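Trainee: Please show me how to read a model of this kind, one feature at a time.

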Amino acid sequence: NSENTIKVMGDINKHGVYKYNDDMTIIDVLAETEGFKEGALLDKIIIVNMSCCETSRSYYFDFEDFMADPDYVKLPVLRPGDIIFIPSKDRAVWDSFMNTVRDAVLIASLLALVGVI
């Protein structure tokens, strides 16, 4: 159920769907994945907000920058249904994911447009 979960994919040790609560940060969720694989791009973690009531959008989180200067105010806000993707230095995985994100945003935009008409 995406209403109380966050999906984590990419270059991590434990992919999956994790239970979400309002007190969680991206650091809490990433800790549950049991760490990053060696080729992970930690400065380009993607968070895709999949809110039920808004247009989907994505943005980057620089984990390396955060670890160098841990300021919890700068952490991205997570919402139920979000997807966190840790890209790999391998461009094939990255390109495939970005195509999926583009398709998801296009579909969400079309559905919103049809709902307006």
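Trainee: Is Phe 66 buried or exposed?

Mentor: A residue is called buried under 20% relative accessible area, exposed over 50% and partly exposed in between, using a 1.4 Å probe and protein chains only. Phe 66, with a relative accessible area of 6%, is buried, whereas Tyr 72 reaches 53% and is exposed. Keep in mind that this is a predicted model, in which local features need pLDDT of at least 70 and side-chain atom pairs count only at pLDDT 80 or more, while totals for chains, interfaces and linings use all residues. Residues are numbered from 1 along each chain as its sequence is written, and side-chain values use heavy atoms, with hydrogens and water left out.

Trainee: How many aromatic pairs does a search of the whole structure find?

Mentor: Rings of Phe, Tyr and Trp (its six-membered ring) pair if their centres lie within 6.5 Å, and the planes are stacked under 30 degrees apart, edge-to-face over 60 and tilted otherwise. The search of the whole structure finds four such pairs. One of them joins Phe 66 and Tyr 72, whose ring centres are 5.3 Å apart and whose planes stand at 90 degrees, so this pair is edge-to-face. Both residues belong to one aromatic cluster, together with Phe 36, Phe 61 and Phe 63.

Trainee: Which residue lies over the face of Tyr 60?

Mentor: A charge sits over a ring if NZ of Lys or CZ of Arg is within 6 Å of the ring centre and within 35 degrees of the ring normal. Over the face of Tyr 60 lies Lys 44, at 6.0 Å from the ring centre.

Trainee: In what order do the strands form the sheet?

Mentor: Strands are DSSP runs of E, at least two residues long, numbered from the N terminus, and two of them pair if DSSP finds at least two bridges between them. Here five strands form an open sheet of mixed pairing, in the order β2-β1-β5-β3-β4. Its edges are β2 (16-19) and β4 (57-61), each of which pairs on one side only.

Trainee: How many bridges join β1 to β2?

Mentor: Strand β1 (residues 5-10) runs antiparallel to β2, and four bridges join the two, among them the one that makes Tyr 18 the partner of Ile 6. Lys 7 stands opposite Val 17 in β2, and a hairpin of five residues connects β1 to β2. Strand β5 (residues 83-86), by contrast, runs parallel to β1, again with four bridges, and there Phe 85 is the bridge partner of Met 9.
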